[in-house]
Amino acid sequence: MPHAYFVTGTDTEVGKTTIAAALLHAARRAGLSTAAAKPVASGCILTSEGVRNDDALALLGQCSLALRYEEVNPLAFAPAIAPHLAAREAGVVLDVACLQAAVGAVLARRADFTLVEGAGGWRVPLSGQQTLSDLPVALDLPVILVVGVRLGCINHAVLTAEAIARDGLRLAGWVANVVDPQTSRLDDNLATLAERLAAPCLGRVPRLAQATPALVADYLDLNALLAS
Ligand SMILES: Nc1ncnc2c1ncn2[C@@H]1O[C@H](COP(=O)(O)OP(=O)(O)O)[C@@H](O)[C@H]1O
Ligand SMILES: [Mg+2]
């Protein structure tokens, strides 16, 4: 039975890509086939092969299935701004049905373990009244929440978990990514998160000098996720 999850975070730059790439790495190490999608990316560079985004490339690097870049990242916008604004400037309508079709095609490849990385946090706008959270809802994907641990993260984490539950999705696990190692009362903050998030903690990742997928994977418990 293939496992597929949507990866969201308490904010942008909290470690969604870092944790997703590490989970994919852990899955490969466990002998599972892997696939990934980053359906919408803003902040891309133009290469001779087309527009490329760092997140999508990092995820693609951990896919055991041979996926083309465009399959992993169908919508890529150059400016590093909110996706709905980047799309508007590019004259593209960000529509959840299009994203659902693109990600659905990756899921149809039926890798043992597939991750779909969002953009920013849970309620990032697409177009009109649509938000990126409509995508995991349409695909009925369980959610992994990456908490960027710093002062203020408990509120962001709890609000995000509430929104996920209200949207009818299951929080399959969360990761404490200690982006600010100076966070006061770190252990107490993590204990509070554990009390208030109704899902297994998949790991506590320290601030590493090199946050490579292989090194970060050592701090993650894939089995806690697959068993949940
Ligand atoms: N545990 C960590 N230790 C060191 N650097 C990290 C860690 N987690 C994330 N980073 C770095 O922080 C930045 C943002 O992380 P990223 O995974 O791109 O976040 P997001 O996908 O949520 O925007 C990147 O430069 C990444 O390498
Ligand atoms: Mg990212």
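Which element gives the largest share of the shell around ligand 1? I looked this up in a predicted model, and the element is H1, with 3 residues in that shell.

I listed 13 residues around ligand 1. Those that come nearest are Glu-13, Lys-16, Thr-17, Thr-18 and Leu-208. I then checked the pockets, and the space that ligand 1 takes is the largest pocket.

**Ligand 1, polar contacts.** For Thr-18, an N or O atom of the side chain is 2.6 Å from an oxygen atom of ligand 1. For Val-14, a backbone N or O atom lies 3.0 Å from an oxygen atom of the ligand. For Pro-206, a polar backbone atom is 2.9 Å from a nitrogen atom of ligand 1. I also noted the area: ligand 1 exposes 560 Å² when taken alone, and the protein buries 79% of that.

**Ligand 2, donors.** I turned to the magnesium ion, which is ligand 2. Its coordinating residues are Thr-17 through OG1, Asp-55 through OD and Glu-117 through OE, at 2.1 to 2.2 Å. Thr-17 sits in helix H1 (residues 16-29) and Asp-55 in helix H2 (residues 54-60), so I recorded a pair 38 residues apart that links distant parts of the chain.

Are Thr-17 and Asp-55 buried or partly exposed? I count Thr-17 as buried because its relative accessibility is 15%, and buried means under 20%. Asp-55 has 22% relative accessibility, so I count Asp-55 as partly exposed.

Key. Residues numbered from 1 in each chain as written. Chains lettered and ligands numbered in written order. Predicted model: local features only at pLDDT ≥ 70, side-chain atom pairs only at ≥ 80, totals over all residues. Heavy atoms only, no water. Donors = N, O, S within 2.8 Å, 3.2 Å for Na, K, Ca; no water. Helix = DSSP H or I, 4+ residues; strand = E, 2+ residues; numbered from the N terminus. Buried < 20%, exposed > 50% of the residue type's maximum accessible area, 1.4 Å probe, protein only. Near = heavy atom within 4 Å. Polar contact = N/O pair within 3.5 Å; in protein donor to acceptor, adjacent residues only side chain to side chain. Areas by Shrake-Rupley, 256 points an atom, 1.4 Å probe, with all protein chains shown as cover. 1 Å grid on protein atoms, 1.4 Å probe; cavity = no way out; pocket = protein on both sides within 12 Å on 5 of 7 lines; lining within 4 Å. Sits in = over half its atoms within 2 Å of the grid points.
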